[in-house]
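Subject: Structure for you to look at, with notes

Dear colleague,

Here is the structure I promised to pass on. My notes follow below it, and I would be glad if you read them with the coordinates open.

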Amino acid sequence: MTTPTRIAAEEYLEALSAHGIEYLFANPGTDFAPIVEAFARTNRSNRKVPRPIVVPHENAAVAMAHGYTMVTGKPQAVMLHTNVGTANAINMLIDASRDRVPILLTSGRTPFTETGAEGSRSSHIHWAQEMFDQAGMLREVVKWDYEMKRGDQAGTVVDRALEMAMSSPRGPVYLSLPREVLGEVMDAPAASNRLHRARPRAPVPASADIEQLAEWIAAARAPLVITGGLGQDPRDAVVLARLAEQWALPVVPYNTRYFAIAGEHPMFQGSMPGPLLKDADLVIVIEADVPWIPGKEQPADGARVVQIGEDPLYARYPMRSFPSDLTITSSALAALEALEQALAGRSDAHVEARRARLTKRSAELHAGWRGEAEQAGRGNKINLAWLNHCLGEVVDRDTIVISEYSFRQEYCPLATPGSLFAVSSAGGLGWGFGASLGAKLASPDRLVVSVLGDGAYMFANPTACHYIAEMQNLPVLTVIYNNALYGAVRRATLDMYGKGVASEGDGRLLADLPAPSFEKIVLAHNGHGERVERPGDLPAALQRAAAAVRSGQQALVNVICPP
Ligand SMILES: Cc1ncc(C[n+]2csc(CCOP(=O)(O)OP(=O)(O)O)c2C)c(N)n1
Ligand SMILES: [Mg+2]
């Protein structure tokens, strides 16, 4: 068969590739026919298009794109089936949106013509899958959305979608692709001026603001840095480490999503604001949407608060009322670099006393964390501290750790910027496993370890994820912190109704999660599975699992951690 004509779907795929998109994570339906035809044609012609990867659940597809991008900084594309496939992915889209991860999410749109066009309705579902506004269900969590109207827009819509996704603050965008449009026969190539479209840089701080902050730091007795999304660009952590070292600035990565500071850095002061917040006279909040929980703790009266971020007001959060004496719209990196310069040559009378105090505190904290873990190691049940402590024997400088949400640098200190990724502030669970597959795809030579709650693992559609690990040859190590419980749900119940009737059942009503043998699920996917109940057995089990992964086999360790 000859194919003399070109269809819009070919132009579209080539436009993705022209933007450096390497993968199309896809979960198809009847809307995909022109995309399938286009891939088949490009296979023959050797034109450059992204590699399609079929992911058998939509949340896993978006999580994979997220994982790939968080490691590389390069956005990828996802294509899902009409309204129903899109609906399945919204959980992960919310995570990506709050974490400002650029993703081009697309889905087919059911054919809008009932007859008469190439691609008109041909199947029962084509009527019922039409919506008045397919993008409406996700408009609140994307930066931009559009429906491709004509085939000759294939180039320009991709250009627009990606410039929106990649400009500050970054985030996912959505494009719906009607079947008739993708199937349009093209007379001329889709127009694009993508080589002549300079993108704006991320915001840089005003120098007066940085001077003010430098002055405040030099005068502060007890400054404190609280971070959350700092480290999304690994260079953030490099500059922060220097500043923290030189100016004895304690750093608390609070619910951090990234590696902000090395666990062994003397200015890493644990991951809870706690007593440092109460004592601080200057709180520097960098890319932290929630720097503390106001109902539980607050900075002292009179303490100065500075908030720095690309979008320091978190414009898409309906309510957020943290105080600020100086609010700086800037990328973390630009602000830290400017601050380093502004501080150079200044003197700070408090620095050496503070350094001594914080170094001593760090040593005490580390001794406490180690003691807590080792004590559990000698006991008869595994806890979070011992699990993380034992992980420390498995990770090396190149390991990527993914946390949802049981990883703690306190017990497993990491050393490398870009080595830690945790679930988005939105907390849409089911992210970690898929993200680890995307991370492995991006960095095949690095060990990728995800530490997941038993609940988080099940939210990830584990069969779909293990399937991808096997089929795409992405050996990852999955460690389940298995308390047979929605621990966070129980905590919330006891927090609010500690003296309520629910407390009589230890808050376990609706939180108990009697656990199956997760270690057997991975066996169905030709992986290595282990179940560990005794603290003393954990180090060797993790070593065996890591060795399996290093030799190319996916592995899962089901770590039984009774609460
Ligand atoms: C998609 C989704 N559904 C429900 C929740 C509500 N939720 C928050 S934490 C949590 C429990 C998670 O359990 P697990 O992963 O086992 O961690 P644990 O709290 O036990 O450490 C649940 C259900 C959520 N965050 N995301
Ligand atoms: Mg649990």
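**The site of ligand 1**

A backbone N or O atom of Ala488 lies 2.8 Å from an oxygen atom of ligand 1, which is a polar contact in the sense used here, namely a pair of N or O atoms within 3.5 Å. Please bear in mind that this is a predicted model, in which local features need pLDDT of at least 70 and side-chain atom pairs count only at pLDDT 80 or more, while totals for chains, interfaces and linings use all residues. Residues are numbered from 1 along each chain as its sequence is written, chains are lettered from A and ligands numbered from 1 in the order in which they are written, and side-chain values use heavy atoms, with hydrogens and water left out.

Two further contacts involve oxygen atoms of the ligand: a polar side-chain atom of Tyr405 is 2.4 Å from one, and a polar backbone atom of Leu485 is 2.7 Å from one. Taken alone, ligand 1 exposes 580 Å², of which the protein buries 76% (accessible areas by the Shrake-Rupley method with a 1.4 Å probe).

There are 16 residues around ligand 1, and Tyr405, Asp454, Gly455, Leu485 and Gly487 come nearest; a residue counts as near if one of its heavy atoms lies within 4 Å. This shell divides into 9 nonpolar, 6 polar and 1 charged residues, with Gly counted among the polar ones and Tyr among the nonpolar. Helix H16 (454–459) and helix H18 (487–497) each supply at least two of the shell residues, and H16 gives the most, with 4. Helices (H or I, at least four residues) and strands (E, at least two) are DSSP runs, numbered from the N terminus.

One open sheet has 5 strands in the order S10-S9-S11-S12-S13, with parallel pairing, where two strands pair if DSSP finds at least two bridges between them. Its edge strands are S10 (251–253) and S13 (326–329), each pairing on one side only. Within this sheet, 5 bridges join S9 (residues 223–227) to S11 (residues 282–286), and Val225 stands opposite Ile284 in S11.

The other open sheet has 6 strands in the order S15-S14-S16-S17-S19-S18, again with parallel pairing, and its edge strands are S15 (420–422) and S18 (528–532). Here 5 bridges join S18 to S19 (residues 555–560), with Glu530 opposite Val557 in S19.

With best wishes

Technical notes: Polar contact = N/O pair within 3.5 Å; in protein donor to acceptor, adjacent residues only side chain to side chain.
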